[in-house]
Amino acid sequence: MDKPSRSPVAEAGAPVSLPALYAWPLRPLAALKWLLGEYLLPWVYLFAALAIVSWYFLTPDLAVMKVLSWEWVALIWLRNAALLTLFAAPLHWWLYTRQGQQDQTKLNKKWQPKNSPRFLFNSQLKDNLFWSLVSGVTIWTLYESMTYWLYANGYVQLVEWKGSEIYLLIMGVLTIFWSSAHFYFVHRLLHWPPLYRIAHALHHKNNSPQPWSGISMHPIEHGIYFSVFVLFWFVPVHPVLVILLGFFQGISPAISHSGFQEIRLGKHLQIAAGDPFHQIHHKYYEVNYGNKPAPFDKLFGSWHDGTVEAKRAFRMQRAQSQ
Ligand SMILES: [Zn+2]
Ligand SMILES: [Zn+2]
């Protein structure tokens, strides 16, 4: 947390601007460019491709999932744990272990000590690995498996691709917005002091988050956070979208929490990674509860764009409330 006596400097990545989708007067072309380019590129396209591969090759048959059994649930757990590791481990290795790009595009320029008694096992990495894999992937897998069980038993009607391509494409895009909107509201709930103390404080130990911090949360928070799947208990889709939602909720935080705005590999390859908007939440707590694609923070007055002006306004607001 910054101290009031220091004159503020802008946060890395500032000013965080509202997506063109919400421009007024409307800017349809810019909105489309934002949606298909900045928003979905490259990660969501990659998750979508991975979701298709996962459904056809890495998920048990629906007929098998008619009857709840630990055997097929464990296979889904393994797939989710392996895929999360496939993203988070190389990111951590490149950015933190090897420090492959030093502090280029690092959102918090200060390197955190590897060991700290604040964390389980005295280590941010081990703490994050534990909560992400033991609790995070398990609760994500349970929600995902429950969803398949409902589809397998006909409680929710599965929508096939043939003849429903447009509906499923629209639902695919809406799924990502749903994830952002759901996140804003459950995240506000998690900042309710009693719930914050027993659950959400664990995620906030990472005031300088790293890839494995993404879903490093208390099991109560996981139970709330992954309730995002409940939408598909009522709105029928194809299971590929169920997997996509899982990846967006379970894997994309490894990227947004990477702590680096861009991954730089060589001189010419730069890939968007860490989210400056959420990084500001990890620093100031009471702002930026949501994500940019569903900017409820703008609507409810908790939007912090990282500029010096926003910092001054935030300090004044905090001083008045104390
Ligand atoms: Zn976070
Ligand atoms: Zn929070």
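**Figure 1. Burial and overall form of the protein chain.** Of the 322 residues of the protein chain, 37% count as buried; a residue is buried if 20 or more other C-beta atoms, placed from the backbone, lie within 10 Å of its own, exposed if 12 or fewer, and partly exposed in between. This is a predicted model, in which local features need pLDDT of at least 70, side-chain atom pairs count only at pLDDT 80 or more, and totals for chains, interfaces and linings use all residues. Residues are numbered from 1 along each chain as its sequence is written, while chains are lettered from A and ligands numbered from 1 in the order in which they are written. The protein chain contains 12 helices and two strands; helices (H or I, at least four residues) and strands (E, at least two) are DSSP runs, numbered from the N terminus. The radius of gyration is 20 Å, close to the 20 Å from the globule rule for 322 residues, so the protein chain is as compact as a globular protein of that length. That radius is taken over C-alpha atoms, and the rule is 2.2 Å times the number of residues to the power 0.38.

**Figure 2. The largest nonpolar core.** This core has 43 residues, and those with the most contacts inside it are Phe47, Leu84, Phe87, Leu244, Phe247, Ile251 and Ala254. Helices that each supply at least two of its residues include helix 2 (43-57), helix 3 (70-97) and helix 8 (239-250). A nonpolar core is a set of buried Ala, Val, Leu, Ile, Met, Phe, Trp, Tyr and Cys residues joined through C-beta atoms within 7 Å. Leaving out residues up to four places away in sequence, phenylalanine 247 touches Phe47, Leu50, Ala51 and Ser252; two residues are in contact if their C-beta atoms, placed from the backbone, lie within 7 Å.

Figure 3. Not counting residues up to four places away in sequence, tryptophan 72 touches Pro60, Val64 and Met65.

**Figure 4. The loop between helix 3 and helix 4.** Glutamine 102 is found in this loop and has a positive phi of about 45° although it is not a glycine. Asparagine 122 is in the loop between helix 3 and helix 4, with a positive phi of about 60° although it is not a glycine. Glutamine 102 counts as exposed because it has 10 C-beta neighbours inside 10 Å, and asparagine 122 counts as exposed with 12. Most residues other than glycine have a negative phi.

Figure 5. Strand 1 (residues 262-265) and strand 2 (residues 269-272) run antiparallel and are joined by four bridges; two strands pair if DSSP finds at least two bridges between them. Isoleucine 263 has isoleucine 271 in strand 2 as its bridge partner. Three residues lie between the strands of this hairpin, and glycine 266 in the turn has a positive phi of about 75°.
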